[in-house]
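Dear colleague,

Please find below the structure that I am handing over to you. My notes on what was found in it follow directly after.

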Amino acid sequence: MTESDPRAVIQLTGRSAAGGFAVGPIVRLDADAGSDRVVGDAQAEKTALRGALDAASAALAGLIGRLDDEEAAAILEFQLALLEDEALTDPVFAAIAEGAAADWAWRVRLDDEIAGYRAAEDDYFRARAADLEDLKGRVIVALSGGGAAIDALPDGAIVVADDLPPSRFLEISWRQGHGIALSAGSPTAHVAILARGRGIPMVVGLGFVPAANGEIALLDAAAGTLTLAPDRATRARFDVRREAGAVAAARAGARVHEPAVTASGERVAVHINIGGPADLASLDSTMCDGIGLVRTEFLFDGRTADRLPGEDEQAEAYRKILAWAAGRPVTIRTVDAGGDKPVPGYTIEGELNPFLGLRGVRLSLTRPEIFRVQLRALLRAATAGPLQIMVPMVSVPREMTAVRSLLMEEAAALDAVGIARGAIGPGGVMLGMM
């Protein structure tokens, strides 16, 4: 817009991160630049930073606890793990000991890490910079004594920001019709994954957005554009594209049971991830080619060590999932207790680094009497279809060697008492890792 023509239409072009359309008022969520906090001596600054780190950790853990989304929780778990990483925080405390203010030292340390990620050649690693920006801002806000809660968005709101951290995205109650327009950002960032999962149109890389709160804008995330101060003709063209998009989506929905192929005719396998059998209640197995990941924590959630799921209970749950898949491959991950998923009496209480410490396969091998029950249940369930067992958090080859030995021992034990099990090998039970 110009002073001589304040109603001039402006169209900004970026990159689509999540398809769809939105029309409504701009809501700016520009980053908080910091605060005018009073700086104390070195000890006071160390205490302030430790308190801010603890507050940020508690806020993230609380947000994870409110989520009913394993993938979103995993994104925030990554941030929690970073907050526990002394390689990140020790240089900050060292700078404070030399006289730096806590917020300045934290900002400098995080900016250095962020610059490293942004300089990476791989787009995936560049996208992780947003997670560090999220951490930087969250701790700085905690140092300043908090931050204002995000109000509910009005209907059709288009959120405008430089970038949108995953935790801030998850704090917002998104509704159909909302949209996101980012000056920076990446289509491979965590927030883009979250937006796609919730059907929120999102465009990134728009550059500076010269619009104030409340201005009406048009977001065409299919074309990757944001239109400011639209006139009647522009709005009419937008409506035509939006209606065409709705028709295309309806047509795609009608073909959901057909095989997925590229424009050149290459077949693409489509697998779904689930957190338990309940996720399958409203789904038809013909919509996909299998299940890419079953998280078995649903069986252990809310349990204690003396009330863990038995072999029969687990086998029946796994069998239901394999039966639903109707011969399509299913990958079931062995329990990944630890981090934000503690099981009293099973996981370690008060562990210094619960997100990267004794969890996943390391915990399973430490408690083989519990792990063997799960392996037997999986082997028994595999009579219902091809099963791929995924072992989580593997770091060295000997861990997989130990798991394979336990699996073979339990297979032999089932054979010895005449209990049916799936065959181990191609077309039957396969063993893999993450």
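Helices (H or I, at least four residues) and strands (E, at least two) are DSSP runs, numbered from the N terminus. This is a predicted model, in which local features need pLDDT of at least 70 and side-chain atom pairs count only at pLDDT 80 or more, while totals for chains, interfaces and linings use all residues. Residues are numbered from 1 along each chain as its sequence is written, and side-chain values use heavy atoms, with hydrogens and water left out.

The protein has 13 helices and 15 strands. Of its 434 residues, 44% are buried (under 20% relative accessible area, with exposed meaning over 50% and partly exposed in between; 1.4 Å probe, protein chains only). Among contacts (heavy atoms within 4.5 Å) with a separation of 6 or more, 65% are between residues 24 or more positions apart.

I turn to helix H10. Its 15 residues (311-325) span 21 Å from the first C-alpha to the last, close to the 21 Å expected at 1.5 Å a residue (1.5 Å times one less than the number of residues). The buried residues of H10 include Tyr318, Ile321, Leu322 and Trp324. Their cover includes strands E11 (271-274), E12 (290-295), E13 (330-333) and E14 (387-391), together with helices H12 (368-381) and H13 (397-416). Ala326, which follows H10, has a positive phi, near 55 degrees.

Next comes the sheet. Eight strands form an open sheet with mixed pairing, in the order E1-E8-E7-E3-E4-E5-E6-E2 (two strands pair if DSSP finds at least two bridges between them). Its edge strands, E1 (10-13) and E2 (15-18), each pair on one side only. From one strand to the next, the twist averages 30 degrees (axes are lines fitted to C-alpha atoms, for helices over the stretch in contact, and angles run from 0 to 180 degrees between N-to-C directions). Helix H8 (residues 190-198) packs on the sheet, where it touches E2, E5 (179-182) and E6 (202-204), and its direction makes about 60 degrees with that of E2. Helix H9 (residues 232-254) lies across E3 (21-28), E7 (216-220) and E8, at about 120 degrees to E3.

E1 and E8 (residues 225-228) run antiparallel and are joined by 4 bridges; Ile10 stands opposite Leu228. Thr227, in strand E8, is buried, with a relative accessible area of 4%. Beyond its neighbours within four places in sequence, Thr227 contacts Val9, Ile10, Gln11, Ala217, Leu218 and Thr234. The side chains of Thr227 and Gln11 make a polar contact at 3.4 Å (a pair of N or O atoms within 3.5 Å; within protein, one must be able to donate a hydrogen and the other to accept it, and residues adjacent in sequence count only if both atoms are side-chain atoms).

Yours sincerely
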